[in-house]
Amino acid sequence: MRTILLGPPGAGKGTQAAVIVNEFHIPHISTGDIFRYNIKQGTDLGKEAKSYMDQGLLVPDELVVAIVEDRLKQEDCKTGFLLDGFPRTANQAEALDNVLRNMKVALDKVINIEVDKERLIKRVVGRRICKECGATYHIEFNPSLKEELCDKCGGQLHQRDDDTEATVSKRIEVYLNETQPLIEYYKDQGTLVTIDGEKSIDTVSQEIVAALRRES
Ligand code: AP5
Ligand code: MG
Ligand code: ZN
C-alpha cells in the first residue's frame, strides 16, 4: 500500500496514520515528526526547520524533498509507505512523482481528510503529545486516563511549540494557499478519496481503511 494523508493542521493525519500503518504494516513517514526529531537532537536541519515551523511557515521544498527521497529508498519502504504531511506544495508533489517513477512504483490512493476551520483550531490548541512515544491525545476529544500522562507508556504529555492559536491560524492559511491545490492535482491523477474528518476518530479510521481496501 502506497498512500498519502492530505489535510489541514489538526485534520487527524497523525491520529489516523497510527491506525493505518498498523493495519497495513507499512512505515509511517511524517515530515513534521522528522523535523521535530531533528530539533530534539539539535541537528543543523532541526535548527533550520524550527525557524520556519515556529512561524507556521513551510520548510523550503529542497530540504523536505531530499529527506523524503532518502527515506523512500530505504528497505522498509519496498512494499509500501504512508506519507503524512508530504507533499504540501505543487513542487513537492511533482518531485514525489519523479521519485516514484524512478522507483517504478505508483501511489495507490491519496486520502484527503476534510474538517471545518473552527474545529481545526480547537483540535490543535487542545492537542497533547507524549514526550516518550509520540502518542496523540486531546484534552477534550481524546483525553488520557490520567491527566498529563500517556496511557500507553506513562510518559509526560506536552504541547507542541507550534500549537498556539496564532500559529495554527497561520498554518491553516498556508495550507489553503499552498497545499489545498493538491486536491485537484490528485483528483486529476484519479487517486483521490475524500473522507469526512469531523466524525469520531474510530469512524474516520474505519472509513479510511475501507477506502484503502477498495479496488478502485
Ligand atoms: P506537521 O507536523 O505535519 O503538522 P500539520 O500538518 O500542521 O498537522 P498536525 O500534525 O498539526 O495535525 P494532524 O492532521 O496530524 O492532526 P492530529 O492527528 O495530531 O507539520 C508541522 C510543521 O512542519 C509545518 O507547519 C511545517 O513548518 C513543517 N513541515 C512538515 N511537513 C512539511 C512539508 N512537507 N513541507 C514543508 N514544511 C513541512 O490531530 C489533532 C488533534 O485532534 C489531536 O489532539 C487529536 O487527538 C484530535 N483528533 C484527531 N481526530 C479527531 C476526530 N476525528 N475527532 C476529534 N478529535 C480528533
Ligand atoms: Mg500530525
Ligand atoms: Zn507514551
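1. Ser144 is buried, because its relative accessible area is 13% (buried means under 20%, exposed over 50%, partly exposed in between, with a 1.4 Å probe and protein chains only). This is a predicted model, in which local features need pLDDT of at least 70 and side-chain atom pairs count only at pLDDT 80 or more, while totals for chains, interfaces and linings use all residues. Residues are numbered from 1 along each chain as its sequence is written, chains are lettered from A and ligands numbered from 1 in the order in which they are written, and side-chain values use heavy atoms, leaving out hydrogens and water.

2. Where does Ser144 sit? Look in the loop between strand S6 (136-138) and strand S7 (157-158). Helices (H or I, at least four residues) and strands (E, at least two) are DSSP runs, numbered from the N terminus.

3. The side chain of Ser144 has a polar atom 2.8 Å from the backbone oxygen of Lys146. The backbone oxygen of Leu149 is 3.1 Å from a polar atom of that Ser144 side chain. Beyond its neighbours within four places in sequence, Ser144 is in contact (heavy atoms within 4.5 Å) with Tyr137, Leu149, Asp151 and Leu157.

4. Now to helix H2 (residues 31-41) and helix H3 (residues 44-53), whose axes come within 8 Å and cross at roughly 120 degrees. Axes are lines fitted to C-alpha atoms, for helices over the stretch in contact, and angles run from 0 to 180 degrees between N-to-C directions. H2 and H3 are therefore oblique to each other; angles under 35 degrees count as roughly parallel, over 145 as roughly antiparallel, 65 to 115 as roughly perpendicular and the rest as oblique.

5. On the H2 side, Gly32, Phe35, Arg36, Asn38 and Ile39 meet Leu45, Gly46, Ala49, Lys50 and Met53 of H3. Glu48 also belongs to helix H3, and it counts as partly exposed because its relative accessibility is 37%. From Glu48 to Phe35 the C-alpha separation is 9.3 Å, with the two 13 residues apart in sequence.

6. Please look at helix H1 (residues 13-24) and helix H9 (residues 201-213) too: they pack at about 45 degrees, with axes 10 Å apart. H1 and H9 are therefore oblique to each other. Thr15, Gln16, Val19, Ile20, Glu23 and Phe24 of H1 make the contact with Ile201, Val204, Ser205, Ile208, Val209, Leu212 and Arg213 of H9.

Methods. Polar contact = N/O pair within 3.5 Å; in protein donor to acceptor, adjacent residues only side chain to side chain.
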